[in-house]
Amino acid sequence: MKTTDQLLKYFLKHEGEYLSGETLANRLGVSRAAIWKAVQKLNEDGHQIDSQHRKGYRYEETGVLSVPAIKALIATNWDIQVFDQLDSSNSYAKEALAAGKIVHPTVIIADQQNAAYGRFRRSFVAPEKTGLYLSIALPVMNDRVLEPGLLTTATAVIVRHIIASSLGYQLSFKWVNDLIFNDKKVGGILTEGVLDIESQSLTSLVVGIGLNLIQPTNLPDQLDKKVGGIVSDLVFSRNMMIAKLVDEFADMINQYQTGKYLPEYRAHNIVLGHEVVVQYAGQKIHGKAVEISDQGALILVTSAGEKLTISSGEITKLNVNGKEY
């Protein structure tokens with residue numbers, strides 16, 4: 001491991017502390033000159049290392065997304081890739097999986113996405129230094145049965161956990177994949193599969209997570225009323241949040257099929273008990289959302305009294321306490 005990576009890991013484990021060049025040199029087994037050069041390189045890469053005479057060096061959070069920083073904080077041994085920008089992390093992940101370039105679970109993170117999209121290919125605004133925009137690429141195990149509804153809802157729940165533990169705020173859900181805060185959409189989950197063309201079998205899976213921590217600016221009026229953020233400034237480590245998220249996701253992926261995450265998803269879903277319009281199978285269905293099934297599907301009761309289970313539609317109209325979603 002390069003000295004810069006070793007040094008960054010050590011700084012992150014002692015964040016807020018001043019560390020002398022001698023201490024760092026002894027801990028890393030290098031010269032003080034090598035420490036000085038590594039500090040300069042970290043600063044050049046966008047990190048901020050404060051230097052004080054007779055105190056030493058201190059790492060200060062700058063919001064830079066960094067593979068070494070995430071790996072220093074994460075317990076899960078998955079591949080991590082960080083990009084300044086991509087068109088779409090989901091598109092990149094699907095192409096890499098299909099081409100055999102990704103053969104192990106891999107997290108693809110982009111500080112900015114220029115062509116991010118959600119369900120039904122709707123565009124998702126993902127400007128730099130404002131959010132968490134990542135995709136988790138998962139080669140599918142042959143003996144593992146995929147439950148898309150349960151995976152999407154479980155992923156939403158763990159994002160809620162990370163925001164609560166990192167920022168102290170509570171997210172709600174709009175079925176099936178929207179993340180809601182202060183009556184506005186702040187993010188979403190997009191689960192996509194990669195098919196083998198010849199066999200038409202599922203070969204791999206991509207779970208995309210888009211979360212606007214800060215509300216994007218210059219949105220059209222229609223979107224500005226519906227799209228929000230969670231904080232006004234990034235005064236915390238996105239690297240830490242990503243590390244927590246990946247660790248919890250890796251734990252979740254082995255047990256989501258049990259339905260463990262459904263009670264929390266149901267408890268914080270804003271649609272239940274309300275009249276909705278759902279776009280499903282090429283038609284608009286009006287009804288009352290009464291339940292989330294054990295597979296993560298939405299159960300509606302229509303005005304005619306018919307009970308429908310909808311697994312892959314989208315709520316296009318929802319009014320809760322005078323607020324339209």
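Predicted model: local features only at pLDDT ≥ 70, side-chain atom pairs only at ≥ 80, totals over all residues.
Two strands count as paired here if DSSP finds at least two bridges between them.

**Entry: β7 and its neighbours.** I started with β6, residues 172-174, and found it antiparallel to β7 with 3 bridges. Lys 174 has Asp 178 of β7 as its bridge partner. The link from β6 to β7 is a hairpin through 3 residues.

Then I checked the other side. β7 also runs antiparallel to β8 (residues 184-195), joined by 4 bridges. Asp 178 turns up again, standing opposite Gly 188 in β8. This hairpin leaves 2 residues between the strands, and Asn 182 in the turn has a positive phi of about 50°.

**Entry: side chains on β7.** Which way do they point? Asp 178 and Ile 180 go one way, Leu 179 and Phe 181 the other, and all are buried.

**Entry: largest pocket.** I get a volume of about 920 Å³. It has 45 lining residues, and Asp 178 is among the closest to the centre, along with Arg 122, Ser 123, Phe 124 and Lys 185. Which strand gives the most to this lining? I noted β8, with 5 residues. Elements supplying at least two residues each include β7, β9 and α5. By type, the lining splits into 19 nonpolar, 14 polar and 12 charged.

**Entry: second largest pocket.** I looked here next and noted about 380 Å³. Of its 21 lining residues, Asp 45, His 47, Val 64, Leu 65 and Ser 66 are closest to the centre. α1, α3, α4 and β3 each give two or more residues to the lining. I logged 8 nonpolar, 4 polar and 9 charged residues for this one.

How values were computed: Residues numbered from 1 in each chain as written. Heavy atoms only, no water. Buried < 20%, exposed > 50% of the residue type's maximum accessible area, 1.4 Å probe, protein only. 1 Å grid on protein atoms, 1.4 Å probe; cavity = no way out; pocket = protein on both sides within 12 Å on 5 of 7 lines; lining within 4 Å. Points joined across faces, edges and corners; volume = space filled by probe spheres on them. Nonpolar A, V, L, I, M, F, W, Y, C, P; charged D, E, K, R; others polar.
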